[in-house]
Every structure is written in C-alpha cells, then in structure tokens.
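Hi,

Here is the structure I promised to pass on. My notes on what turned up in it are just below.

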Amino acid sequence: MVSSTTYDEIEPAVNSPIRQEDLKPFERRALLELKVKLEEAIFKNQLLKSRGGQNNDKRNSRVVAHPYSPENDEMCLISPRTNEAPNGYDFKLWEVPLQPSRGHESTDVILLKFLNAREFKVSDALDMIHDTLIWREEFGADDILNEEGLDLPELEKVTFMNGKDRSGQPVCYNMYGAFKDKELYMSTFGDEEKREKFVRWRVRCMEKGIRQLSFKSGEAESILQIIDLKDCLSHSMKEFRTTTKKVVSILQDNYPEFVSKNIFLNASFRSYAYHSLFSHFTSTRSKSKFIFVRPNQITKTLLKYIAPEDIPIQYGGFKREDDKEFSNENGKVSEVSVRAGCIETLEFYIAKPGETLLWDLSVVGWEVSYKEEFVPDDEGSYRVLIQKEKRLEETIRNSYYISEPGKVLITIINRTTKKKRLFHRSKTKPTIPLYNLLQHPHPHPTV
C-alpha cells in the first residue's frame with residue numbers, strides 16, 4: 001500500500017488572524033491614540049457630528065446612543081436625542097461596544113480593523129468609524145437581519161456561507177453564473193427597485209457571515225470570499241455589473257478588513273489585465289487581497305486556503321451537499337505524490353466479508369488516468385475489474401461490496417511530465433447484499 005499523510009500534516013495554515021501581541025510598536029501607538037480620541041469623542045458627544053464640527057442634519061433623531069446601563073445592553077443608536085449628559089453613552093458596532101473604557105475584549109479587534117483599512121492613520125480611521133455609524137443608521141443595517149421581504153430562496157445558491165478555511169474563517173461563495181438564467185436575471189435586476197433589493201439582500205448576507213465571527217484576538221475575524229466568474233461576464237449583463245459595483249463600494253466603505261481574501265475563479269485574461277492596470281493605485285496590502293485564478297489552477301489555488309474535504313466537488317474537492325457518507329469525524333483526506341511518468345497504486349485490504357468499501361478520489365490538475373479492481377486472497381477466485389482505465393476529469397466516488405477477503409487496488413497512471421498531487425479518503429461499512437434481503441424477506445405480520 002502506498003504510504004500517505006493527512007493533508008493537515010503537510011500544509012501550513014494560512015490567513016491566520018493577527019494577534020494583538022504581534023503588533024509593531026507604531027501600530028500599538030496608533031491603536032492607543034485611536035482609543036483616546038474615540039473615548040474623547042464619545043464623552044463629548046462629538047462622534048456623530050459632521051467633520052466640520054456641525055451636527056449632521058441628514059441624520060434623524062435616532063442617531064444618538066442611549067445611556068448605557070446593565071439593564072439595557074442590547075443595541076445602540078436606537079433612542080431619540082436626550083438632554084442628558086453624554087458621559088456614559090454607549091456606541092456599538094456588530095454588538096461590540098466602541099467605548100474603550102468599557103473594557104470589552106473585542107473592542108480592540110474592531111478598532112484594529114478600521115486602523116488596518118486606513119493604514120494606521122488614526123484620523124482617517126476615526127473618520128471611517130464616524131461614516132460607518134452614519135451609514136448603518138441611514139441604511140438600516142442593524143435591523144436588516146429581521147427585515148421583511150429579504151428572504152429570497154431563489155438566490156440561496158448565488159451567495160451563501162459554506163464551511164471554513166484552514167484558519168477557521170467562514171467561507172462565502174458567490175456563484176454569479178446563476179444569473180445566466182434570464183428569468184432569474186430579470187427578477188433580480190429588471191428594474192431599479194429589484195436592484196436595490198438585491199443590494200440590501202447582499203448586505204444582509206454579509207451581516208449573516210459576520211455573526212459567525214467571534215471578534216476575539218487570535219480567532220477568526222474575517223471571511224474568505226470566493227467569487228466564481230464563470231458565465232457572468234456577458235456584455236448583456238450591464239445591470240448586474242453596475243449593481244455589484246455598488247455592493248462592492250458599500251462593503252469596502254463600511255466593512256473594513258472583514259474579507260481576508262477575494263479569490264476570483266474562472267477569471268478571464270481581460271479581468272486579470274484590468275485589475276493589473278489599476279492595482280498600482282492601491283496599497284500592497286489591498287492588492288494582496290485579490291487573487292485571480294484561471295480555470296486550470298482552481299483546485300491548486302483553493303488548496304492553499306481550504307482543506308480538500310471542505311472544497312466543493314465542482315472545484316476538485318470532496319465536499320458534497322448533504323453528504324451522508326463522510327463527516328468531520330471520518331472525512332479526513334490523505335495525499336500521495338504521483339511522480340511524472342509513473343504509476344502509483346492505492347491498496348485497501350479488507351479481511352472481513354460482508355462490508356462495502358467506499359472511496360473518494362481527486363487529482364490536482366487532472367491529466368491522469370485511473371482504474372479500479374478487486375483482487376481476492378483466494379487464488380482460485382477471479383479478479384474483478386471495478387472500473388476499466390478511464391481519464392480522471394472530476395472528483396469521483398465509488399464503492400465495492402466485499403464478498404470474500406481481498407484488496408481493492410486503485411491505480412493512477414501519470415503520463416505527464418509533471419508530478420501530481422493525489423487526494424483520497426475511504427471507509428468501510430457493514431452491508432447486507434440485496435439478494436439476501438430478497439431471499440429472506442421479512443414475514444408478514446399475522447392478522
């Protein structure tokens with residue numbers, strides 16, 4: 001049997017959250033300065049004033065925090081203005097108190113997001129906090145999870161959260177190719193009202209994803225975003241492009257550092273060239289968040305961030321919807337290297353008859369062939385060809401019922417000049433053959 005190792009043993013975690021103790025000295029100073037300025041702004045009731053120092057007339061009376069008390073610790077920015085002194089007022093973002101003196105363990109995590117987004121320029125970070133608070137009130141972001149009319153089942157397969165990456169961050173998939181369906185496209189982008197509803201629905205998806213974050217130092221603080229561009233770059237999809245640009249603008253302006261990476265799958269050369277043309281206007285940190293992946297590099301790229309058992313099967317991984325065979329407990333994946341121009345064989349020995357062997361198989365970049373057979377221990381028995389040699393072009397799942405002791409052999413033929421990464425997992429389960437059930441049916445109950 002070919003020796004193999006579990007994927008966790010060979011691939012280091014990536015995108016690990018930055019711990020506060022790892023901050024550089026200038027970053028620590030910036031965080032301290034922001035906390036001082038934020039505390040002062042809250043104490044003087046100036047946090048929600050316009051940048052010129054005047055009251056922001058665009059805000060309604062709800063945009064003032066209510067006095068904090070242990071009995072009222074649910075939400076901020078929901079009470080009318082009062083004439084009480086501002087001392088003790090409590091502002092929150094994503095249910096985390098902003099006032100540093102409150103001593104909440106997640107406050108620094110939130111403030112560091114704003115500082116990171118503004119390259120640790122304290123004044124810019126404070127302005128961004130101000131703008132985000134105003135936008136959330138005007139947009140109604142704090143109540144959007146309970147907003148009626150935004151449950152859109154037809155869009156559940158367009159944007160959705162599915163699993164976590166290797167550092168524990170939630171993964172958000174955006175399958176915009178679904179909009180090649182003209183009926184779905186028109187029902188989503190057919191007029192201004194529908195397009196605005198999509199914007200609100202997409203913000204709601206972001207808020208749902210944020211609910212999965214702990215905001216504790218060293219734990220998952222961001223979301224890994226996968227955007228599949230397949231079938232969604234048609235010239236006839238103008239409304240889609242303008243609407244998604246609006247969504248991107250909202251998320252960039254009001255959700256700082258909530259996306260660790262944006263991985264664009266099935267990116268065309270045109271998409272890559274457009275990004276490269278304008279990327280020199282952005283910071284190195286911002287540029288590193290955008291990854292464009294051609295179709296033949298999808299599995300290889302995703303494996304840098306997501307374990308193979310958590311990558312959907314359409315991208316060369318092993319994750320299936322409602323998988324009843326493998327779970328987190330029994331679904332760990334092993335890896336084998338198949339050298340260029342060589343043949344490797346996976347061997348699974350089953351000594352106990354009456355069991356079924358089930359296996360999953362995938363190769364990064366494909367371009368190999370495989371065959372499967374059963375070899376019994378008894379030399380007088382026949383070898384069974386389970387699968388004749390076939391080109392491997394997608395993640396496969398197969399099974400074989402073991403009626404006598406023997407071994408299942410899975411042979412991988414690599415005729416290319418490149419080493420290939422083979423991933424596999426397997427399990428056995430007791431099985432009663434169908435013909436036994438037909439020969440010994442359950443007796444009918446006596447009337």
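This is a predicted model: local features need pLDDT of at least 70, side-chain atom pairs count only at pLDDT 80 or more; totals for chains, interfaces and linings use all residues.

E33 comes out partly exposed at 37% relative accessible area (buried is under 20%, exposed over 50%, partly exposed in between; 1.4 Å probe, protein chains only). Its salt-bridge partner is K37, with the closest N and O atoms 3.4 Å apart (the rule: a side-chain nitrogen of Lys or Arg within 4 Å of a carboxyl oxygen of Asp or Glu). K37 is partly exposed too, at 28%.

Numbering starts from 1 along each chain as its sequence is written, and side-chain values use heavy atoms, without hydrogens and water.

The salt-bridge count is 26. Another one joins R136 and E207 at 2.9 Å, N to O. That pair links helix α3 (residues 122-139) to helix α5 (residues 192-210), 71 residues apart. R136 is buried at 3%, and E207 is buried at 6%.

R200 and E147 also meet in a salt bridge, at 2.8 Å. R200 lies in α5 and E147 in the loop between α3 and β4, so the pair ties together parts 53 residues apart in sequence. R200 is buried at 17%, whereas E147 is partly exposed at 24%.

Cheers

Methods
Helices (H or I, at least four residues) and strands (E, at least two) are DSSP runs, numbered from the N terminus.
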